[in-house]
Amino acid sequence: MQIVFFENIEGLDTSGYFYIQGLALFLIEKGHSTIEVNTTTYELEKGCIFVVFPGQIIHVISKSNDIKPLCIACSMDMMNDLMSQVKDSLQLFQHAKQSPFQKKDGEDFEQLKKSFRHI
């Protein structure tokens, strides 16, 4: 089981396509990016939270030079373990898969940042 947290993509080659083998949560703290997930395009900007699921293919179309995402990614084993411990996890998973993109403002955004860093 693995979990990874990062808040800097400097030096990361984002050209091409990426196949996701685990679960990743992105919180955009600064900047903006246009990404394509499977064939759907999303505009990410400050305050956005975005969930990427196992088996999805991501293509970064563009990103600003000042992009600053906070990211938590976990392996399939970790995801399955977490899902088994959360009540109504199947409903939560299905809801997030149907609506992987949300915009948060103000206090909600600050609370999410604290939660990300706490993990």
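First, the basis. The model is predicted, so local features need pLDDT of at least 70 and side-chain atom pairs count only at pLDDT 80 or more, while totals for chains, interfaces and linings use all residues. Residues are numbered from 1 along each chain as its sequence is written, and side-chain values use heavy atoms, with hydrogens and water left out.

Now the fold. The chain has 3 helices and 9 strands; helices (H or I, at least four residues) and strands (E, at least two) are DSSP runs, numbered from the N terminus. From that end, the order is β-β-β-β-β-β-β-β-α-α-β-α. Of contacts (heavy atoms within 4.5 Å) between residues at least 6 apart in sequence, 76% join residues at least 24 apart.

Next, burial. Of the 119 residues, 37% count as buried. Buried means under 20% relative accessible area, exposed over 50%, and partly exposed in between, with a 1.4 Å probe and protein chains only.

Which residues touch the most other members of the largest nonpolar core? They are Ile35, Val37, Tyr42, Leu44, Phe50 and Val52, out of 14 residues in that core. A nonpolar core here is a set of buried Ala, Val, Leu, Ile, Met, Phe, Trp, Tyr and Cys residues joined through side-chain atoms within 4.5 Å. Strands E3 (23–30), E4 (32–37), E5 (40–45), E6 (48–52) and E7 each give two or more residues to this core. E6 gives the most, with 3 residues.

On to the cysteines. The structure holds 0 disulfides, a disulfide being a pair of cysteine sulfur atoms within 2.5 Å. For Cys71, the nearest cysteine sulfur belongs to Cys74 and is 9.8 Å away. Cys71 is buried, with a relative accessible area of 1%. Cys48 is also buried, at 1%.

Last, two places with partly exposed residues. Ile57 is in strand E7 (residues 57–63) and is partly exposed, with a relative accessible area of 38%. Ser99 lies in the loop between helix H2 (89–98) and strand E9 (101–103), and is partly exposed at 33%. How far apart are the C-alpha atoms of Ser99 and Val51? They are separated by 8.6 Å, although the two residues are 48 residues apart along the chain.
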